[in-house]
Amino acid sequence: MNKLLFNSFFLFLFISCNVDSQECCDDEIIEEVFQDLGFDKPYTYNNIYYGRNKYIEFHPGSLPLIIAAPHGGDLIPSEIPDRTYGTMVTDSYTKELTLAIKNAFLSKLGKTPYVIINNLKRTKFDANRDSIEGAQGNRYARRAWEEFHYYINESKIMVKQDFTYGLFLDIHGHGANPDGFYDLRTWLGYLLNKDELQLSDVELDNENYQNKSSIKTLSIISPENFIDVLRGNNSLGSLLDSLGYKSVPSVNDPSTNGTHYFSGGYNTKTHGSAISGSPISSIQLELPKPGIRENSLQRKNYSESLVITLQKYFKIHYGIEL
Ligand SMILES: [Zn+2]
């Protein structure tokens, strides 16, 4: 009998407490407190770090190369409403391609680039826009934006410490043009628009265009002239072209010939050396789907060619053996 009374008393206490806490919490909106950016430091090679809810992932590397996939994600969490303006198209298989590039480096060199991936679908968050357009007022999307750029910035700091200079590549995919024509060339974005690429080598090879290009610093430290780094024999486009991946600009395709073209977005501007002269230069890669992104064999073949290309590129322009 005493035991029953004792239990009842505690049951009463338990119910009272629950009622109290129910009352207290209904009146308050509990907002999730985010951890400080960088709480997961130090970033060590061979580990993978995840932002909140794994929307963003970060693979620290060991090369003076940083690769990001901002538009290949597929997560559609209900806590983030769909964006209401801007571009919504996913760059299909660019996340898989970026991981294939990392693996190709690991297989051939036993070293990897730094890799930053956005796993959110573009309808929820655009990781190649400023925070206003990219997150559109949602605090969880805004947090993903901060993490994405924080991990890139941390990568840049580590590359500068270890190599002084480096390169950031923003990986994208393009589809058919608005008129239905599918340009099967890779569009390399250096922040020079298609009208500027129409200029002759003599017109383009001057300080104004060099200064506004995303490879400003790279073209200063390279033994080659700006125009040659941009579209000469040892440019990224020509080296890729020599392995069967036609690219603009390059020796064979120096300009867009008036067709649709992307010259580089927010990440290429923010994380390259245009104007600022940052030690890290940048190039946007807009890859066609056929022949590069369609299946794992294509992605593997392309990745192996990109490793060969970048080994030559770093040796010629940076004087660095990867
Ligand atoms: Zn894109």
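Predicted model: local features only at pLDDT ≥ 70, side-chain atom pairs only at ≥ 80, totals over all residues.
Four bridges join β3 (residues 65–69) to β4 (residues 114–118), and the two strands run parallel. Between them the chain passes from β3 through helix α2 (residues 94–109) to β4, a β-α-β crossover that is right-handed.

Strand β3 is also paired with strand β5 (residues 166–174), again through four bridges and in parallel orientation. Within β5, Leu167 is the bridge partner of Leu65, and Asp170 is that of Ala68. Five of the five residues of β3 are buried, so the strand is largely enclosed by the rest of the structure. The burial applies to both of its faces: Leu65, Ile67 and Ala69 point one way from β3, whereas Ile66 and Ala68 point the other way, and all are buried.

These pairings belong to an open sheet of eight strands with mixed pairing, in which the order is β1-β2-β4-β3-β5-β8-β6-β7. The edges are formed by β1 (49–50) and β7 (247–248); each has a single partner strand, so one side of each is left without a neighbour in the sheet. Helix α4 packs on this sheet and touches β2 (56–59), β3, β4, β5 and β8 (280–288). The direction of α4 makes about 175° with that of β4.

Helix α4 (residues 139–163) comprises 25 residues. From its first C-alpha to its last, α4 reaches 36 Å, close to the 36 Å expected at 1.5 Å a residue. The residue that follows α4 is Thr164, which has a positive phi, near 70°.

At the level of the whole chain, the protein contains twelve helices and eight strands. Of its 322 residues, 46% are buried. Contacts between residues at least 6 apart in sequence were also examined, and 70% of these join residues at least 24 apart. The C-alpha atoms fill a box of roughly 100 × 45 × 40 Å, taken along the principal axes. The domain assignment gives domain 1 (1–30) and domain 2 (49–318). The centres of domain 1 and domain 2, taken over C-alpha atoms, are separated by 57 Å.

Definitions and conventions: Residues numbered from 1 in each chain as written. Buried ≥ 20, exposed ≤ 12 C-beta atoms within 10 Å, placed from the backbone. Contact = placed C-beta atoms within 7 Å. Pairing = 2+ DSSP bridges. Right-handed = clockwise from strand over helix to strand, strands pointing away. Domains from an automatic or database assignment. Expected span 1.5 Å × (residues − 1). Axes fitted to C-alpha atoms, helices over the stretch in contact; angles between N-to-C directions.
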